[in-house]
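Here are my notes on this model, as promised. Have the viewer open while you go through the points.

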Amino acid sequence: MAQENLSVVLHSKGDLRLENRPVPEPGPNEVLLQMHSVGICGSDVHYWQHGRIADFVVTKPMVLGHEASGRVVKVGSAVKHLKVGDRVAIEPGVPREMDEFFKNGRYNLSPTIFFCATPPDDGNLCRYYTHSANFCYKLPDNVTFEEGALIEPLSVGIHACRRAGVTLGSTVLICGADLSTERLAMAKELGADFQLTVKRGDGPQQLAKTVEDMLGTQPQITIECTGVESSIQTAIYATHAGGVVVLVGLGNEMATIPLINAAVREVDIRGVFRYCNTWPMAIAMLASGKVNVKPLVTHRFPLEQAVQAFETTRQGLGIKVMLKCDQNDQKP
């Protein structure tokens, strides 16, 4: 096995480096993975640009990356369900203790959870990486490594839909692609019925009325993915009485919102923090062809060009930028 472990390491705000680290050894309940595909998330770029997200502050060098898949190259002594050669998708959040959140199935809320590329925990944007075997999920033969890496953002959508109560026949408004014509076009390609281009300065109540006019009704559910105050306001005004607004995007700590409007119309406002128990469903969706995430990957870079890849993401070019970590296999 190669002894070099090229890794993308954030040292401090604005200081992103490629450096070699030792190839780690898996513990009894871990596997060593040769990483294949790792997507760049907005949070990775935010840490690079700002050195922190809310109370999570980069105080020591941290490997970035948490949207990932790879191949098992070594198995810990206690691992039974995986073997060398298995292709896996990685769930980046691993509970450290069996606390109340773990026991009631909401382990994503555990305050002590390990999470890839959230300070102080290292991510997996590197050649070799060890991870809890229980949070590595075997990929079917017809699911590519890139699809495996995209299970992480897909999981955010699955968890948001579960929190919102989305079912067959639900009328859903999604706020998030609305300022980008390229992203709106992709949303249409992937199945959105209507697209609404938002111009800066559009008022939330007017936008809500436009949504109702387009749909012929107010949406029962709104999934807000930006965290922008005006977009949260629009989400509340647009949602049907008795409906649900789910907040996926994270913005400023404080936001001015029409709370009384929501209260008197019994519009529930629910938060989303990452995901839990979503990987099996996501894999089934991809393997069956019910969900197609392949078009989302618009740029690919070898690991050696990570800084250029991060700059591409920072500039908002394309949809998903994918880093290819295996020198001998750069295929999707």
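Is Trp48 buried or exposed? Trp48 counts as buried, at 8% relative accessibility; the cut-offs are under 20% relative accessible area for buried, over 50% for exposed and partly exposed in between, with a 1.4 Å probe and protein chains only.

Some housekeeping before the points. This is a predicted model, in which local features need pLDDT of at least 70 and side-chain atom pairs count only at pLDDT 80 or more, while totals for chains, interfaces and linings use all residues. Residues are numbered from 1 along each chain as its sequence is written, and side-chain values use heavy atoms, with hydrogens and water left out.

1. Trp48 and its partner. Helices here are DSSP runs (H or I, at least four residues), as are strands (E, at least two), numbered from the N terminus. The ring centres of Trp48 and Phe310 are 5.8 Å apart and the planes stand at 90 degrees, so this is an edge-to-face pair. For ring pairs, the centres of Phe, Tyr or Trp rings (the six-membered one for Trp) lie within 6.5 Å; planes under 30 degrees apart are stacked, over 60 edge-to-face and the rest tilted. Phe310 is buried too, because its relative accessibility is 0%.

2. Helix 1 (residues 42-50) and helix 10 (residues 306-314) have axes that come within 10 Å and cross at roughly 100 degrees. Axes are lines fitted to C-alpha atoms, for helices over the stretch in contact, and angles run from 0 to 180 degrees between N-to-C directions. The two helices, helix 1 and helix 10, are therefore roughly perpendicular (65 to 115 degrees; under 35 is roughly parallel, over 145 roughly antiparallel and the rest oblique). On the helix 1 side, Asp44, Val45, Trp48 and Gln49 meet Phe310, Glu311, Thr313 and Arg314 of helix 10, where contact means heavy atoms within 4.5 Å. By class, this contact of helix 1 with helix 10 has 3 nonpolar, 2 polar and 3 charged residues; Ala, Val, Leu, Ile, Met, Phe, Trp, Tyr, Cys and Pro are nonpolar, Asp, Glu, Lys and Arg charged, and the others, Gly among them, polar.

3. Another helix pair to look at. Helix 4 (residues 151-164) packs on helix 9 (residues 279-288) at about 110 degrees, with the axes 9 Å apart. Helix 4 and helix 9 are therefore roughly perpendicular to each other. Among the residues making this contact are Leu154 and Ile158 of helix 4 and Trp279 and Ile283 of helix 9. The contact of helix 4 with helix 9 divides into 9 nonpolar, 1 polar and 2 charged residues.

4. Other aromatics. The structure holds 5 aromatic pairs. Ring pairs join Phe115, Tyr137, Tyr275 and Trp279 into a cluster. Tyr107 is buried at 7% relative accessible area, and Phe135 counts as buried at 12% relative accessibility. The rings of Tyr107 and Phe135 have centres 5.8 Å apart and planes at 80 degrees, so the pair is edge-to-face.

5. An open sheet of 4 strands runs in the order 13-14-15-16, with parallel pairing; strands pair if DSSP finds at least two bridges between them. Strand 13 (172-175) and strand 16 (268-271) are at the edges with a single partner strand each, so one side of each has no neighbour in the sheet. From one strand to the next, the twist averages 15 degrees. Helix 7 (residues 229-238) packs on this sheet, touching strand 13, strand 14, strand 15 and strand 16, and its direction makes about 175 degrees with that of strand 14. Strand 14 (residues 221-224) pairs with strand 15 (residues 244-247) over 4 bridges, and Glu224 has Leu247 of strand 15 as its bridge partner.

6. Strand 1 (residues 5-12) and strand 2 (residues 15-21) share 7 bridges. Their hairpin has 2 residues between the strands, and Gly14 takes a positive phi near 80 degrees there.

7. Asn124 sits in the loop between strand 10 and strand 11 and counts as buried at 0% relative accessibility. Leaving aside residues up to four places away in sequence, Asn124 touches residues including Met35, His66, Cys116 and Tyr129.
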